[in-house]
Amino acid sequence: MDTISPLRTAALACRDAVATIAALDTDAKRHLLNHMADALATDEAAVLQANAHDMRAAEANGTGNAMLDRLRLDPARLAGIVAGIRDVAALPDPVGTVTRRETRPNGIVVERVRIPLGVIAMIYEARPNVTADAAALCLMAGNCAILRGGSDAVQSSLAIAGALRRALREQGLPEDAITVIDDPRRETMIELLQLTDIVDLAIPRGGEGLIRFVAEHARVPVIKHYKGVCHLYVDRAADEALALDILLDGKTSRPGVCNALETLLVHKDIAASLVPLAVRQLREKGVEVRGDAASRALVSDLVQATDDDYAAEFLDLVIALRIVDSTEDAIGHIHRYGSDHTEVIATRDEATAEQFIRAIRSAVVMVNASSRFSDGGELGLGTEIGISTTRLHAYGPMGAESLTIERFVVRGAGQTRHARTFDIPPH
C-alpha cells in the first residue's frame with residue numbers, strides 16, 4: 001500500500017479548506033484579517049526573537065548584505081507588516097465582481113465574474129514579510145496558501161505564521177488555510193511544484209536562481225519575475241533637480257530590492273551639466289558608477305562599464321551609466337538589457353513621455369517619479385504577493401485582484417442554441 005508523503009498530506013488539508021474560505025463574505029474576511037493583524041502585533045516579541053535567531057545564523061553563514069536586509073525585522077518593519085494586513089482588509093473585495101455584462105441578440109446575459117484561484121503555493125527566500133503578505137492577500141481573494149519560505153528565514157516565518165493560524169482557529173476557521181512547509185530540502189520544493197491536482201498557481205519570490213529553478217521543475221502554472229534591471233532615462237527636456245532626486249531615491253534608498261535603479265541613461269544634450277553632478281551626488285552616497293566612453297570623457301575616473309554591467313541587477317551601491325544620442329537610443333538600450341520590470345523617464349516634454357510609454361513594454365512605466373514606487377502598497381494594492389514580468393493574467397505588482405480569475409456566468413430564460421425538433425409519429 002502506497003504511503004502519502006507529509007507534504008501531500010499537508011497540501012490536501014490546505015485544499016480541503018478552500019471551500020470554507022471561498023464561501024466567506026466580505027465582512028467576514030475583513031474581520032478575519034484584522035484579527036490576524038491583532039494576533040501578529042501581540043506576538044511582536046516572539047517574532048523579533050525568532051528573527052534575531054535567523055539573523056545570527058545568516059550572518060554566521062556569510063549571507064550577503066542585500067539578503068540580510070530582506071531578512072531583518074525590527075519593531076518598525078513588523079509594524080509595517082501589521083499595517084499591511086490591515087490595508088489588505090480595507091481593500092475592495094475582488095471576489096464576485098462583475099467585470100463585464102452584455103446582453104446577446106438572443107436575450108442571454110453574459111457576465112464575466114471574478115472567482116478565487118484556489119490553492120496558491122508561495123516559494124520565497126529570506127523575506128519573512130512575505131509570510132504575512134501572502135496569507136493576507138490570498139485570504140482576501142478567497143484562496144488558501146501553502147507557504148514555503150527559505151531556510152534563512154524559517155524561524156521568523158514560523159513565528160509569523162503561528163500568529164496567523166491562531167487567528168484562524170479563534171475565528172472557527174480551518175488553520176490549514178495557511179499551511180507552512182518548514183522542510184527546506186529542494187526535493188520537497190520539487191514535490192510541491194508537481195502537485196497538479198492540488199496547487200493552482202505557484203509564485204516564487206527571490207533571486208534569479210530560485211525563480212529559474214521553480215520554472216524548470218514546476219508542472220503547475222508559475223508567475224515569474226527573474227530580476228529587476230530598472231533604468232532611469234533623463235531626457236534632454238528633463239528638470240535636472242527632479243531627475244537627480246528620483247535618481248538618488250531610486251538607487252540609494254534601498255539598493256537591495258528589485259525596484260532599485262541599476263542603470264542611468266542620459267541624453268547627450270544634457271549630459272555635460274548633469275553627469276558630473278549626478279556622479280558626485282551618487283558617490284557622496286557611496287555608489288560606484290561605471291560608465292561608457294562618453295560619460296568617462298566627462299568624469300575621467302569612472303570605472304569602464306561592460307555589457308555585463310548593463311545587464312546586471314547589482315542589488316548594491318553600484319550603477320551603470322550611459323550617454324545616449326536620442327530617446328530612440330534609450331528605448332533601444334532598454335529593449336536590449338531590460339527585464340520588463342520598471343522603467344523611468346524624467347522629462348518635461350509630454351510628447352516624449354508618451355513616446356516612451358508606448359515603446360516600453362515593461363510591467364511598470366514611471367514618468368517623473370521614482371522607481372521605488374513600483375510596489376503593490378505604493379500603487380494602491382494594500383501590499384503585494386509578488387511582481388509578474390510574465391505576460392499572463394497578471395503583469396506587474398500583484399494584489400488581491402490578481403489572485404482571482406474571470407469566469408463566464410450566463411443567465412437565460414430558456415433559450416436554446418438550436419430549434420427543438422419533434423418526431424412526428426406515423427399515421
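Me: Is Asp87 buried, partly exposed or exposed in this predicted model?
Reply: Asp87 belongs to helix 6 of the predicted model. Its C-alpha atom is separated by 19 Å from that of Gly396, a residue 309 places away along the chain. Burial requires a relative accessible area under 20% and exposure one over 50%. The relative accessibility of Asp87 is 41%, so the residue counts as partly exposed.

Me: Which element supplies the largest share of the lining of the largest pocket?
Reply: Helix 6 (75-89), helix 7 (128-140), strand 6 (201-205) and strand 14 (386-388) each contribute at least two residues to the lining of the largest pocket. The largest share amounts to 5 residues, and the element that provides it is helix 6.

Me: Which residues are closest to the centre of the largest pocket?
Reply: The volume of the largest pocket is about 940 Å³. Its lining comprises 37 residues, and those closest to the centre are Asn129, Asp133, Arg205, Arg254 and Asp375.

Me: How many residues in the lining of the largest pocket are charged?
Reply: At least three residues of this lining come from domain 1 (7-224), and at least three come from domain 2 (230-373). By residue class, the lining of the largest pocket holds 11 nonpolar and 13 polar residues, and the number of charged residues is 13.

Me: How many of the 13 residues of helix 7 are buried?
Reply: The buried residues of helix 7 include Pro128, Val130, Thr131 and Ala132. Asp133, Leu137, Cys138 and Met140 are also among them. Helix 7 is largely enclosed by the rest of the structure, because the number of its residues that are buried is 12.

Me: Which residue with a positive phi follows helix 7?
Reply: After helix 7 comes a residue whose phi is near 80 degrees. This residue is Gly142.

Me: How many charged residues are in the lining of the largest cavity?
Reply: Among the lining residues are His225, Tyr226, Lys227 and Gly228. The lining of the largest cavity divides into 3 nonpolar and 4 polar residues, and its charged residues number 5.

Me: What is the relative accessible area of Leu315?
Reply: Leu315 is one of the residues that line the largest cavity, and it lies in the loop between helix 14 (307-310) and strand 11 (318-324). Although Leu315 is not a glycine, its phi is positive, at about 55 degrees. Leu315 is partly exposed, because its relative accessible area is 22%.

Me: Is Asp340 buried or exposed?
Reply: The loop between helix 15 (327-337) and strand 12 (342-346) contains Asp340. Its phi is positive, near 65 degrees, in a residue other than glycine. The cut-off for burial is under 20% relative accessible area. The relative accessibility of Asp340 is 16%, so Asp340 counts as buried.

Me: What is the relative accessibility of Leu274?
Reply: Leu274 is placed in helix 12 (residues 268-284). Leu274 counts as buried because its relative accessibility is 2%.

Me: How far apart are the end C-alpha atoms of residues 13-284?
Reply: UniProt lists residues 13-284 in an unreviewed entry as "domain: Aldehyde dehydrogenase". In the model, this span is 53% helix and 17% strand. The distance between its end C-alpha atoms is 54 Å.

Me: What percentage of the residues in the protein is buried?
Reply: The protein has 16 helices and 16 strands. Along the principal axes, its C-alpha atoms fill a box of roughly 100 × 65 × 40 Å. Of the 427 residues in the protein, the buried share is 51%.

Definitions and conventions:
Residues numbered from 1 in each chain as written. Predicted model: local features only at pLDDT ≥ 70, side-chain atom pairs only at ≥ 80, totals over all residues. Heavy atoms only, no water. UniProt positions renumbered as here; feature names shortened; annotations may be inferred. Helix = DSSP H or I, 4+ residues; strand = E, 2+ residues; numbered from the N terminus. 1 Å grid on protein atoms, 1.4 Å probe; cavity = no way out; pocket = protein on both sides within 12 Å on 5 of 7 lines; lining within 4 Å. Points joined across faces, edges and corners; volume = space filled by probe spheres on them. Nonpolar A, V, L, I, M, F, W, Y, C, P; charged D, E, K, R; others polar. Domains from an automatic or database assignment. Buried < 20%, exposed > 50% of the residue type's maximum accessible area, 1.4 Å probe, protein only.
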